[in-house]
Amino acid sequence: MTLIELIESASFSPSGLSVELPVAWTQGRTGYGGITAALSLAAAQGLADGRPLRSAMIAFVGPSAGTLDVEAEVLRSGRNASSIRSRLHSSSGPGVDALFTFSANRDSILNQPGGAAPLEAPAPDAQGLPFRDGAPEFTRHLEFLWAGDKIPFTGSDSAEVRAWVRHRDPASRDHPLALMCLADALPPAISMTLPNFAPLSSMTWMVDFHADEPQTENGWWLLEARSDFATGGHSSQDMSIWNTRGECVAKGRQMVTVFA
């Protein structure tokens, strides 16, 4: 079931949605963080009065599987910005608690673009790697073009990971939720330094968007994550996203728990 098909299968209400999450969108015993964040955003967008998403603060508080119910509420709506909370539950209990801030661009003297992309865009005919047995289930819905010769759990001396990522389904690439859905697709950067496989899980994720409607070509987005702190079973990482024109469209931070 593609992203579009999943959204179309959801039952929407004025304050939220309910949807059955397919196993193919899971990661271990829980829903992939990008898809649960996207569903939480879908519920919030219905209350945002058309304002574009500017910032998201997401806490993955528990596993999410089976039937997912998302309830959204407006915390405050002012002249320029709206703050909306979404809470996702499943039979396992609370899964995601998210706070979304919606705010449109306005006239300003500010003009400080994000840093340029460190890599050139993929060729128009580029194809991502096929789904690999043993990879997280959700990756069957995404294509990856890895940047560099290092892969997770091979004991690299650099806690950094980059890849071009897009939805395998061409129709899903331009969906308003497409970027949120794949923005958390990379393995945690600290996994590059681990000599053997170890379970990892996102705890919190914050992402700021730099454009009202981020655009790219052929569905490709360049994702980068860099771990800058790791101790006591936790790693904190900086995250960036660029489009194919080399424009930085989002910046984020994430705390990951590492069972190693």
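This is a predicted model: local features need pLDDT of at least 70, side-chain atom pairs count only at pLDDT 80 or more; totals for chains, interfaces and linings use all residues.
Biologist: Take strands β10 and β12, then. In which sense do they pair, and over how many bridges?

Modeller: In general, strands of a sheet pair through backbone hydrogen bonds, in a parallel or an antiparallel arrangement. Here β10 (residues 160–167) and β12 (residues 221–231) are antiparallel, with 6 bridges.

Biologist: Which residue is the bridge partner of E160 in β12?

Modeller: R226 is the partner of E160 there.

Biologist: How many strands does the open sheet have, and in what order?

Modeller: There are 12 strands, paired antiparallel, and the order across the open sheet is β1-β2-β6-β7-β8-β5-β11-β14-β13-β12-β10-β9.

Biologist: Which strands stand at the edges?

Modeller: They are β1 (11–13) and β9 (142–146); each has a single partner strand, so one of its sides lacks a neighbour in the sheet. On average, neighbouring strands are turned by 20° against each other, with direction ignored.

Biologist: Which helix packs on the sheet, and which strands are touched?

Modeller: Helix α2 (residues 33–45) does, and its contacts are with β1, β2 (16–20), β5 (53–60), β6 (67–77), β7, β8 (93–103) and β11 (200–209). The direction of α2 makes about 55° with that of β8.

Biologist: Now single residues. Is S82 buried or exposed?

Modeller: The test is relative accessible area, and under 20% means buried. S82 has 0%, so it is buried. Its place is in strand β7 (residues 81–90).

Biologist: Which residues does S82 touch, leaving out those up to four places away in sequence?

Modeller: R51, R76, S77, F100, T101 and F102. Two polar contacts can be picked out from the side chain of S82. With the side chain of R51 the distance is 2.7 Å, and with the side chain of S77 it is 3.0 Å. As for position along the chain, P52 is 30 residues from S82, while their C-alpha atoms are 9.8 Å apart.

Biologist: Where is S64 placed?

Modeller: S64 is in the loop between β5 and β6. Its relative accessible area is 1%, and therefore this residue counts as buried. Beyond four places in sequence, S64 touches L21, T30, G31, T36, L88, S90, G95 and V96.

Biologist: And in which strand is A250?

Modeller: A250 belongs to β14 (residues 248–258). With 1% relative accessibility, A250 is buried by the same cut-off. If residues up to four places away are left out, A250 touches V207, D208, F209, H210, M239, S240 and I241.

Biologist: How many residues separate A250 and L179 in sequence, and what is their distance in space?

Modeller: They are 71 residues apart in sequence, and their C-alpha atoms are 9.8 Å apart.

Conventions:
Residues are numbered from 1 along each chain as its sequence is written. Side-chain values use heavy atoms; hydrogens and water are left out. Helices (H or I, at least four residues) and strands (E, at least two) are DSSP runs, numbered from the N terminus. Buried means under 20% relative accessible area, exposed over 50%, partly exposed in between (1.4 Å probe, protein chains only). Contact means heavy atoms within 4.5 Å. A polar contact is a pair of N or O atoms within 3.5 Å; within protein, one must be able to donate a hydrogen and the other to accept it, and residues adjacent in sequence count only if both atoms are side-chain atoms. Two strands pair if DSSP finds at least two bridges between them. Axes are lines fitted to C-alpha atoms, for helices over the stretch in contact, and angles run from 0 to 180 degrees between N-to-C directions.
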